[in-house]
Structure formats: structure tokens, C-alpha cells
Amino acid sequence: MFGWIDDLISKIEEWFFGILLGSVEWNLDQTNNIFTHSINTVQTQVSQTPDDFSQTLVETLRTISETAVLPVAGILLTYVFCYEIYSYVTDKNRGNEFDSGQMFFLIFKTAIVILLVTNSFDITLAFIDLGQWMVNNVPSSTLQLPSDINESILESIDGIGYALGMVVLTAIVMIVSFFMAGIIYLVAWSRIIMILLYVSISPLPFATLMNKNWIGTIGETYIRQILALMLQGFFMIVTLVIYAGLLNKTVELITEAGSPVLGVLMLMVSMGILTLTLTRTHSLAKAVVGAI
């Protein structure tokens, strides 16, 4: 007699369950869109050279380097040359053991350094181009993110209570992903800004390369920092490859355990690992090349 009431309740539950699933799906889609867009930004930034980023800006920095930095580098190079002559004379018993061959070698070394200083802007850009070549040779197939992770989570939700809890959980994950995406944007953009800053000052450290004492470490440290920025882009791409692997592992765990909570937890952990690792790629690259 009251069977229609049970049918009505069943339909209401089905309707409410559908709304909850729709909310979970929307939260997951927004999380995926926010985070995927930040990852795409990383891929774009690390595969760009300064010329790709803004050729106009590079030419402006070149002009600044040639007009403001290069004259100072010339003065520094003159000081280093005089210091080298002084050290040579004092080492050779104040000129009593003068060796013309060593003097010619010093002049030749100075000429090489002058050549390096005048072309330091292009040489520094060449290091970054080498980093771009490394990044571009990473197989694109390794960067493919699984597209069925949201479906796997939705299919494992069973019951209104479960779905209601997943709405709250996925909403929290969406908010957290927003902040993590902001950090990823910061890492991606700060790297290209650091490259432009290092390129603009390149003549100055190159002018110190022919000195073996304390002043010579300026040029060595500079080159190591450029190498670190070059390798940072490579490490960032490798980090994205690892992130893709973690997501594939997440899909496997959801399929095996059938738990949407575990799936969302693993998704958030994977995003957290990616964000944390990206922030440490510069430190890792500096450690590899021995930069301070």
C-alpha cells in the first residue's frame, strides 16, 4: 500500500546521491585543471630559452650588459692582468729570473679572457640552450598523465554517507591544490627570472677567470651557478615524469583497494611530493655542480 513511499524515498536518495557525485566530480575536475595548468606552465618554462621567453627583453639586457657591465668588467680585467704581472715578477725573484715565454703565455691568456668577456652574454645563453636541448630530449610519452584517475575515484564511491564525506574531502584537496599550484608557478617563473639576471651580469665574472687566487673563484662560482640553473630545468622535467608515475600507481591502488578515500589521499600526496621536489630542484642542481 505504501510502496510508492519507498519508491519516492529511493528516487530522492538516488537524486541526492547524484548531486553528491556531481559535486565530487566538479571538485576533482577543478583540482585537476588547476594543477595540470601549473604543470603545463612548468613544461613550457623549462623548455624555453631567454630568447623564446622574450627576445625584446634579451636585447634590452644585452644593451644594458654592454653599456653598464662591460666597462666595469674591463676595469676588473685590467686589475687582474696587473695583479698577474705583479705576482709573476715577485715569484721570479723580482725579475731576476725573467722568462719571456711565461710573459707571452700571460698575454695569450689575457687575450683569451678578453674574447670570453666580450662574448660572455652569448656564451651564457649557450649554456641555457644546452639545458633546453636536454629537456627537449626527454621522451614526451613519459610526461603523459593518466586521464582515468577521476573516474576510478568516482566509481569506487558507494553510499550517500561515503559520497558526502568525499565532497568535503575533495573540497579540501581542491583548496590545497590551489596553494600548491601557486608555489609551482613561483618556482617556474623565478627560474627564468634568475637566468635573465645572471645573463645580464655575465661580463663581470668572466673577467676574473684568468686569476687563480680568491678573485678567480668569482668566475668559477658564476659558471657553476649557470650550470645549476641549466640542470634545474632538467630536474624539473624529471620530477614531472616521476609525478606521472605516481599518478599511475595511484590508479592501481584505487583499483586494487576500491577505496576513494585512499585515492584522494594518494592524489594529494603525489601533488605534495611534486610541489616539494620542484622547490628543491635548484638546491639539488647546485649540489651536483658543487655551487655554493
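How are H7 and H10 oriented relative to each other, roughly parallel or roughly antiparallel? They are roughly parallel. The model behind this answer is predicted.

## Overall make-up

The chain contains eleven helices and zero strands. Read from the N terminus, its elements run α-α-α-α-α-α-α-α-α-α-α.

The chain has 292 residues, and 39% of them count as buried. Its accessible surface comes to about 15,700 Å². Carbon and sulfur atoms hold 66% of that surface. Among contacts with a separation of 6 or more, 88% join residues 24 or more positions apart.

## H7 against H10

Two packed helices are described by the angle between their axes and the distance between the axes. Helix H7 covers residues 160-200, and helix H10 covers residues 260-279. They pack at an angle of about 10°. Their axes are 10 Å apart. Angles under 35 degrees count as roughly parallel, so H7 and H10 are roughly parallel to each other.

On the H7 side, the contact is made by Tyr 162, Met 166, Leu 169, Thr 170, Val 173, Ser 177, Met 180, Ile 183, Ile 184 and Val 187. H10 contributes Pro 260, Val 261, Val 264, Met 268, Met 271, Gly 272, Leu 274, Thr 275, Leu 278 and Thr 279. By class, the H7 and H10 contact has 15 nonpolar and five polar residues. It has no charged residues.

## H5 against H7

Helix H7 also packs with helix H5, which spans residues 120-136. The angle here is about 150°. The axes lie 9 Å apart. Angles over 145 degrees count as roughly antiparallel, so H5 and H7 are roughly antiparallel to each other. Their crossing is right-handed.

Which residues of H5 and H7 meet? From H5 come Phe 121, Thr 124, Leu 125 and Ile 128. From H7 come Ile 195, Val 199 and Ser 200. This contact of H5 with H7 has five nonpolar and two polar residues. Charged residues are absent from it.

Met 194 lies in helix H7. Is Met 194 buried or partly exposed? Its relative accessible area is 30%, so it is partly exposed; buried would require a value under 20%. Leu 229 is 35 residues from Met 194 along the chain. The C-alpha atoms of Met 194 and Leu 229 are separated by 8.1 Å.

Val 176 is also placed in helix H7. At 30% relative accessibility, Val 176 counts as partly exposed. Thr 31 stands 145 residues away from Val 176 along the chain. The C-alpha atoms of Val 176 and Thr 31 are separated by 8.9 Å.

## A position on H1

Helix H1 runs over residues 3-46 and includes Thr 44. The relative accessibility of Thr 44 is 40%, so Thr 44 counts as partly exposed. What separates the C-alpha atoms of Thr 44 and Ala 188? The distance is 9.0 Å, although the two residues are 144 residues apart along the chain.

Definitions and conventions:
Residues numbered from 1 in each chain as written. Predicted model: local features only at pLDDT ≥ 70, side-chain atom pairs only at ≥ 80, totals over all residues. Heavy atoms only, no water. Helix = DSSP H or I, 4+ residues; strand = E, 2+ residues; numbered from the N terminus. Buried < 20%, exposed > 50% of the residue type's maximum accessible area, 1.4 Å probe, protein only. Contact = heavy atoms within 4.5 Å. Areas by Shrake-Rupley, 256 points an atom, 1.4 Å probe, with all protein chains shown as cover. Axes fitted to C-alpha atoms, helices over the stretch in contact; angles between N-to-C directions. Parallel < 35°, antiparallel > 145°, perpendicular 65-115°, else oblique. Left-handed = near helix turned anticlockwise from the far one by under 90°. Nonpolar A, V, L, I, M, F, W, Y, C, P; charged D, E, K, R; others polar.
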